[in-house]
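Please look through the sequence and the model below before reading on. This briefing then takes up the overall make-up of the chain, the confidence of the prediction, and a few features of its side chains.

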Amino acid sequence: MSTERKNPILVTVTVLTAIVGLVTALYKCGAEQQNFLKAVNTPTHQEEKKFEEPNNTSSEVSNTAISVPKPPPPPPTTSTNVSIIYTGDQFGCTLPISITIGDKTFQPTSNAYTAYNIPLGTQQYRIQGNITCTSIGGCTAYGEGLINVRENATFAIRWQNTAYAQCSIGLFEQ
(Lines give C-alpha, C1' and ligand atoms only; values in the text may rest on other atoms or scores of the structure.)
Protein backbone atom coordinates (compact mmCIF):
# COMPACT_ATOMS: atom_id res chain seq x y z
CA MET A 1 0.00 0.00 0.00
CA SER A 2 1.41 3.41 -0.88
CA THR A 3 2.14 6.23 1.57
CA GLU A 4 -0.59 8.44 0.06
CA ARG A 5 -3.30 5.93 1.04
CA LYS A 6 -2.03 5.38 4.60
CA ASN A 7 -2.06 9.06 5.49
CA PRO A 8 -5.81 9.66 4.91
CA ILE A 9 -6.63 6.58 6.98
CA LEU A 10 -4.28 7.68 9.74
CA VAL A 11 -5.83 11.17 9.70
CA THR A 12 -9.35 9.72 9.84
CA VAL A 13 -8.50 7.44 12.76
CA THR A 14 -6.83 10.33 14.61
CA VAL A 15 -9.83 12.62 14.11
CA LEU A 16 -12.30 9.93 15.22
CA THR A 17 -10.18 9.19 18.31
CA ALA A 18 -10.16 12.89 19.19
CA ILE A 19 -13.96 13.11 18.78
CA VAL A 20 -14.53 10.07 21.01
CA GLY A 21 -12.20 11.57 23.62
CA LEU A 22 -14.03 14.89 23.51
CA VAL A 23 -17.47 13.26 23.87
CA THR A 24 -16.23 11.16 26.80
CA ALA A 25 -14.78 14.24 28.52
CA LEU A 26 -18.04 16.17 28.06
CA TYR A 27 -20.04 13.26 29.48
CA LYS A 28 -17.79 13.01 32.54
CA CYS A 29 -17.93 16.78 33.03
CA GLY A 30 -21.74 16.70 32.91
CA ALA A 31 -21.89 13.86 35.45
CA GLU A 32 -19.53 15.69 37.79
CA GLN A 33 -21.64 18.86 37.45
CA GLN A 34 -24.79 16.91 38.36
CA ASN A 35 -23.05 15.43 41.42
CA PHE A 36 -21.92 18.92 42.45
CA LEU A 37 -25.45 20.32 42.10
CA LYS A 38 -26.87 17.45 44.16
CA ALA A 39 -24.32 18.09 46.89
CA VAL A 40 -25.00 21.84 46.94
CA ASN A 41 -28.80 21.43 46.98
CA THR A 42 -28.90 18.73 49.70
CA PRO A 43 -29.76 20.37 53.04
CA THR A 44 -27.55 19.65 56.04
CA HIS A 45 -28.96 18.14 59.24
CA GLN A 46 -29.20 21.61 60.81
CA GLU A 47 -31.02 23.02 57.77
CA GLU A 48 -33.50 20.15 57.88
CA LYS A 49 -34.42 21.10 61.44
CA LYS A 50 -35.26 24.63 60.25
CA PHE A 51 -38.04 23.24 58.07
CA GLU A 52 -39.63 21.04 60.72
CA GLU A 53 -42.99 22.12 62.10
CA PRO A 54 -42.80 23.43 65.64
CA ASN A 55 -44.41 21.18 68.21
CA ASN A 56 -46.99 23.73 69.25
CA THR A 57 -50.00 22.45 71.15
CA SER A 58 -51.39 25.85 72.09
CA SER A 59 -54.34 27.46 70.32
CA GLU A 60 -52.18 30.06 68.55
CA VAL A 61 -52.88 30.69 64.86
CA SER A 62 -49.96 30.06 62.54
CA ASN A 63 -48.97 32.71 60.01
CA THR A 64 -47.62 30.10 57.59
CA ALA A 65 -48.60 30.93 54.03
CA ILE A 66 -50.38 28.15 52.18
CA SER A 67 -49.84 28.09 48.45
CA VAL A 68 -53.03 27.91 46.44
CA PRO A 69 -52.79 25.73 43.34
CA LYS A 70 -53.39 27.44 40.02
CA PRO A 71 -56.68 26.61 38.36
CA PRO A 72 -56.40 24.19 35.45
CA PRO A 73 -56.41 25.68 31.96
CA PRO A 74 -59.76 25.72 30.19
CA PRO A 75 -60.49 22.53 28.28
CA PRO A 76 -59.64 22.65 24.59
CA THR A 77 -62.47 23.31 22.16
CA THR A 78 -63.99 20.01 21.08
CA SER A 79 -66.38 21.21 18.40
CA THR A 80 -66.69 23.89 15.75
CA ASN A 81 -69.04 25.22 13.11
CA VAL A 82 -68.37 24.12 9.53
CA SER A 83 -69.63 25.42 6.21
CA ILE A 84 -71.15 22.97 3.75
CA ILE A 85 -71.33 24.35 0.22
CA TYR A 86 -72.81 23.10 -3.04
CA THR A 87 -71.81 25.24 -5.99
CA GLY A 88 -74.59 23.92 -8.18
CA ASP A 89 -74.44 22.20 -11.54
CA GLN A 90 -75.48 22.65 -15.16
CA PHE A 91 -78.63 20.53 -14.76
CA GLY A 92 -80.43 22.67 -12.14
CA CYS A 93 -80.33 19.95 -9.47
CA THR A 94 -81.46 20.18 -5.86
CA LEU A 95 -80.05 17.99 -3.11
CA PRO A 96 -82.59 17.00 -0.45
CA ILE A 97 -80.03 15.04 1.55
CA SER A 98 -79.13 14.22 5.13
CA ILE A 99 -75.51 14.53 6.31
CA THR A 100 -74.03 12.98 9.44
CA ILE A 101 -70.56 14.09 10.63
CA GLY A 102 -69.39 12.40 13.81
CA ASP A 103 -72.48 12.34 16.03
CA LYS A 104 -74.27 15.32 14.40
CA THR A 105 -76.93 14.91 11.70
CA PHE A 106 -78.40 17.78 9.68
CA GLN A 107 -80.19 18.56 6.41
CA PRO A 108 -78.70 21.48 4.45
CA THR A 109 -81.42 23.93 3.44
CA SER A 110 -79.34 26.05 1.06
CA ASN A 111 -76.26 25.87 -1.17
CA ALA A 112 -74.22 27.54 1.59
CA TYR A 113 -75.13 25.96 4.92
CA THR A 114 -73.54 26.24 8.38
CA ALA A 115 -73.53 23.11 10.52
CA TYR A 116 -73.07 23.80 14.25
CA ASN A 117 -71.13 21.97 16.98
CA ILE A 118 -69.38 19.48 14.70
CA PRO A 119 -66.71 17.46 16.57
CA LEU A 120 -63.11 18.42 15.77
CA GLY A 121 -60.57 15.95 14.38
CA THR A 122 -60.92 13.02 12.01
CA GLN A 123 -64.62 12.21 11.70
CA GLN A 124 -66.65 9.62 9.85
CA TYR A 125 -69.32 11.17 7.60
CA ARG A 126 -72.32 9.75 5.77
CA ILE A 127 -74.56 11.40 3.17
CA GLN A 128 -77.82 9.94 1.92
CA GLY A 129 -80.85 11.21 0.12
CA ASN A 130 -81.87 12.14 -3.40
CA ILE A 131 -80.62 14.35 -6.16
CA THR A 132 -83.43 15.84 -8.22
CA CYS A 133 -82.58 17.50 -11.52
CA THR A 134 -85.10 19.37 -13.73
CA SER A 135 -83.45 18.44 -17.02
CA ILE A 136 -82.08 14.90 -16.50
CA GLY A 137 -84.23 13.31 -13.78
CA GLY A 138 -82.90 12.20 -10.43
CA CYS A 139 -81.02 9.57 -8.48
CA THR A 140 -80.68 8.05 -5.05
CA ALA A 141 -77.43 9.31 -3.52
CA TYR A 142 -75.18 7.70 -0.93
CA GLY A 143 -71.62 8.31 0.22
CA GLU A 144 -69.43 7.95 3.27
CA GLY A 145 -65.83 8.51 4.27
CA LEU A 146 -63.47 10.30 6.64
CA ILE A 147 -62.84 14.03 6.86
CA ASN A 148 -60.56 16.10 9.08
CA VAL A 149 -62.75 18.68 10.80
CA ARG A 150 -60.75 21.78 11.68
CA GLU A 151 -61.80 25.05 13.28
CA ASN A 152 -64.32 26.77 10.92
CA ALA A 153 -63.62 24.39 8.01
CA THR A 154 -65.46 24.48 4.69
CA PHE A 155 -66.49 21.30 2.85
CA ALA A 156 -67.90 21.09 -0.67
CA ILE A 157 -70.51 18.55 -1.76
CA ARG A 158 -69.71 16.74 -5.00
CA TRP A 159 -71.73 14.01 -6.68
CA GLN A 160 -71.71 11.90 -9.82
CA ASN A 161 -74.06 9.49 -11.53
CA THR A 162 -72.78 5.90 -11.13
CA ALA A 163 -75.66 3.82 -12.56
CA TYR A 164 -79.27 4.18 -13.65
CA ALA A 165 -80.92 6.32 -10.92
CA GLN A 166 -77.89 5.85 -8.62
CA CYS A 167 -75.34 8.51 -7.59
CA SER A 168 -72.29 8.67 -5.35
CA ILE A 169 -71.86 11.76 -3.20
CA GLY A 170 -69.08 13.02 -0.93
CA LEU A 171 -67.58 15.87 1.11
CA PHE A 172 -64.29 17.47 0.14
CA GLU A 173 -62.31 20.04 2.11
CA GLN A 174 -61.97 23.44 0.46
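A residue is called buried when its relative accessible area is under 20%, exposed when that area is over 50%, and partly exposed in between. The model shown here is predicted, and the chain in it has 174 residues, of which 21% count as buried.

**Overall make-up**
- The secondary structure of the chain comes to 2 helices and 9 strands, and the order of these elements, read from the N terminus, is α-α-β-β-β-β-β-β-β-β-β.

**Confidence of the prediction**
- The mean pLDDT of the chain is 81, while 69% of its residues reach 70 or more.
- Among the elements, strand E3 (residues 97-101) has the highest mean pLDDT, at 98, whereas helix H2 (residues 45-50) has the lowest, at 52.

**A salt bridge**
- The count of salt bridges comes to 1, and this salt bridge is formed by Arg 150 with Glu 173, whose closest N and O atoms are 3.6 Å apart.
- Arg 150 lies in the loop between strand E7 (137-149) and strand E8 (154-163), while Glu 173 lies in strand E9 (residues 166-173), so the pair ties together parts that are 23 residues apart in sequence.
- Arg 150 has a relative accessible area of 46%, which falls between the two cut-offs given above, and it is therefore partly exposed.
- Glu 173 likewise counts as partly exposed, because its relative accessibility is 40%.

**An aromatic pair**
- A pair of aromatic rings is described by the distance of the centres and the angle of the planes.
- The structure holds 1 such aromatic pair, made by Phe 106 and Tyr 113, whose ring centres are 5.7 Å apart and whose planes stand at 15 degrees, so that the pair is stacked.
- Phe 106, with a relative accessibility of 7%, counts as buried.

**A nonpolar surface patch**
- Val 11, Val 15 and Ile 19 together make a nonpolar surface patch of about 260 Å².
- Val 15, one of the residues of this patch, is found in helix H1 (residues 3-41), and at 44% relative accessibility Val 15 counts as partly exposed.

How values were computed. Residues numbered from 1 in each chain as written. Predicted model: local features only at pLDDT ≥ 70, side-chain atom pairs only at ≥ 80, totals over all residues. Heavy atoms only, no water. Helix = DSSP H or I, 4+ residues; strand = E, 2+ residues; numbered from the N terminus. Buried < 20%, exposed > 50% of the residue type's maximum accessible area, 1.4 Å probe, protein only. pLDDT = per-residue confidence, 0-100. Salt bridge = Lys/Arg side-chain N within 4 Å of Asp/Glu carboxyl O. Phe/Tyr/Trp six-rings, centres within 6.5 Å; stacked < 30°, edge-to-face > 60°. Patch = residues over 30% accessible without salt bridge, like charges linked within 9 Å, V, L, I, M, F, W, Y side chains within 5 Å. Areas by Shrake-Rupley, 256 points an atom, 1.4 Å probe, with all protein chains shown as cover.
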